[in-house]
Amino acid sequence: MIRRNLYSQHSFFLIVLVLILFSSCASKKDVVYFQNTGSFETIVDKNSFTPKFKVDDLVNIHVSTLDPEASAPFNLFRGASEGGIQPQQVDYLIDKDGEIDFPVIGKVKISGLSAEEVRVLLRRKLEDYLKDPIINIRLQNFTVTILGEVKRPGTYPVNGERITILEALGLAGDLGVKGVRENVMVIRDFDGTKVYTRIDLTKKEAMSSPVYYLTQNDVVYVEPNQSAITSSSLDNRATIAISIASTLLTATVILITRN
């Protein structure tokens, strides 16, 4: 009778363990990207995304002309060039009013403008001082943050003017199997206003989403699926169950051996 009860309890805990293992499985439709895309299907990118500058952006602006002496006052440098050490050009921080303090011409509002729009604006303001200036502009602190069910969550620097959400997730090692691909959230901040947008990466329409191209300081959050949530809540109980099952199995083996 004791042996039968021990066997029944042992079987029960084994069934619980099997159910826990199967609860962590994900189907193909949960993990495949762009499921409604056909073979050799051509998709024209109609997403006319153009990055805009924001408050707290750090921007590098370099002005050059055929006459270096003429353009020199419009480029600020720190450090001396003595001893072979090259001076570093000073970057411009966009203040809370969306402005930078540019040499000679003073305050210039560039928040909300693209790099090309800033070039046009500066050329117009510099036309009284320089002939055909060449203006190079680069965002220095472009980062995106990837959180949640990805392999390497963290904040990543971006080289270039724009990055897609797929490229950003690639930096973080891609989503884990337990990440919800059809409900990825992007948190975007523009001058203190936060916008929350969700994107379904299992559909090709994701490429037309306003958050398919990320902007500086965007936060991408991948939520866990129900399996991950259940597994998390059962972690402690599963550990206890395994310990008890192991003890019962050992006791059963000892009992059978002795008899």
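# Reading a loop, a helix and a pocket

Author: Pro133 lies in the loop between H4 and S7. Helices (H or I, at least four residues) and strands (E, at least two) are DSSP runs, numbered from the N terminus. This is a predicted model, where local features need pLDDT of at least 70, side-chain atom pairs count only at pLDDT 80 or more, and totals for chains, interfaces and linings use all residues. Residues are numbered from 1 along each chain as its sequence is written, and side-chain values use heavy atoms, with hydrogens and water left out.

Reader: Is Pro133 buried or exposed?

Author: Start with the cut-offs. Buried means under 20% relative accessible area, exposed over 50%, and partly exposed in between (1.4 Å probe, protein chains only). Pro133 has 10% relative accessibility, so it counts as buried.

Reader: Which residues is Pro133 in contact with, leaving aside its neighbours within four places in sequence?

Author: Contact means heavy atoms within 4.5 Å. By that test Pro133 meets Val63, Ser64, Thr65 and Arg123.

Reader: Where is the place of Thr65?

Author: Thr65 belongs to the loop between S1 and helix H3 (68–71). Its relative accessible area is 16%, so Thr65 is buried. With neighbours within four places set aside, Thr65 contacts Ala70, Ser71, Leu130, Lys131, Asp132 and Pro133. Thr65 and Leu130 are 65 residues apart along the chain, yet 7.5 Å separates their C-alpha atoms.

Reader: What share of the chain's contacts with a separation of 6 or more comes from residues 24 or more positions apart?

Author: The share is 64%. For the rest of the overview, the chain has 6 helices and 14 strands. Of its 259 residues, 34% are buried.

Reader: Now helix H4. How many residues does it have, and what span does it reach?

Author: The expected span of a helix is 1.5 Å times one less than its number of residues. H4 (residues 115–126) has 12 residues and reaches 16 Å from its first C-alpha to its last, close to the 16 Å expected.

Reader: Which residues of H4 are buried?

Author: They are Ala115, Val118, Arg119, Leu121, Leu122 and Leu126. Now look down the axis of H4: these buried residues fall within an arc of 165°, so they line one face of the helix. The arc is that of the directions from the helix axis to the C-beta atoms.

Reader: Which strands do the buried residues of H4 pack against?

Author: Strand S1 (58–64), strand S5 (99–102), strand S6 (106–109) and strand S7 (134–139). Take Glu99, found in S5. At 23% relative accessibility, Glu99 is partly exposed. Beyond four places in sequence, Glu99 touches Leu93, Ile94, Lys107, Val108 and Lys109. Glu99 and Lys54 are 45 residues apart in sequence, and 9.7 Å apart from C-alpha to C-alpha.

Reader: How much space lies in the largest pocket?

Author: The general idea comes before the number. Rolling a probe the size of a water molecule over the atoms shows where empty space is left. On a 1 Å grid over the protein atoms alone, a cavity is a set of points where a 1.4 Å probe fits but cannot get out, while a pocket is an open set with protein on both sides within 12 Å along at least five of seven lines; lining residues have an atom within 4 Å of a point. Grid points are joined across faces, edges and corners, and a volume is the space filled by probe spheres set on the points. The largest pocket holds about 230 Å³. Its lining has 14 residues, and Pro51, Phe53, Ala115, Leu139 and Glu161 are the closest to its centre.

Reader: Which elements give two or more residues to that lining?

Author: H4 and S7 do. S7 gives the most, with 3 residues. By class, the lining has 6 nonpolar, 4 polar and 4 charged residues. Ala, Val, Leu, Ile, Met, Phe, Trp, Tyr, Cys and Pro count as nonpolar, Asp, Glu, Lys and Arg as charged, and the others, Gly among them, as polar.

Reader: What is the phi of Asp56?

Author: It is near 80°, a positive value in a residue other than glycine. Asp56 sits in the loop between helix H2 (28–31) and S1. Asp174 also has a positive phi, about 75°, and is not a glycine. Asp174 lies in the loop between helix H5 (165–171) and strand S11 (184–190). With 30% relative accessible area, Asp174 is partly exposed.
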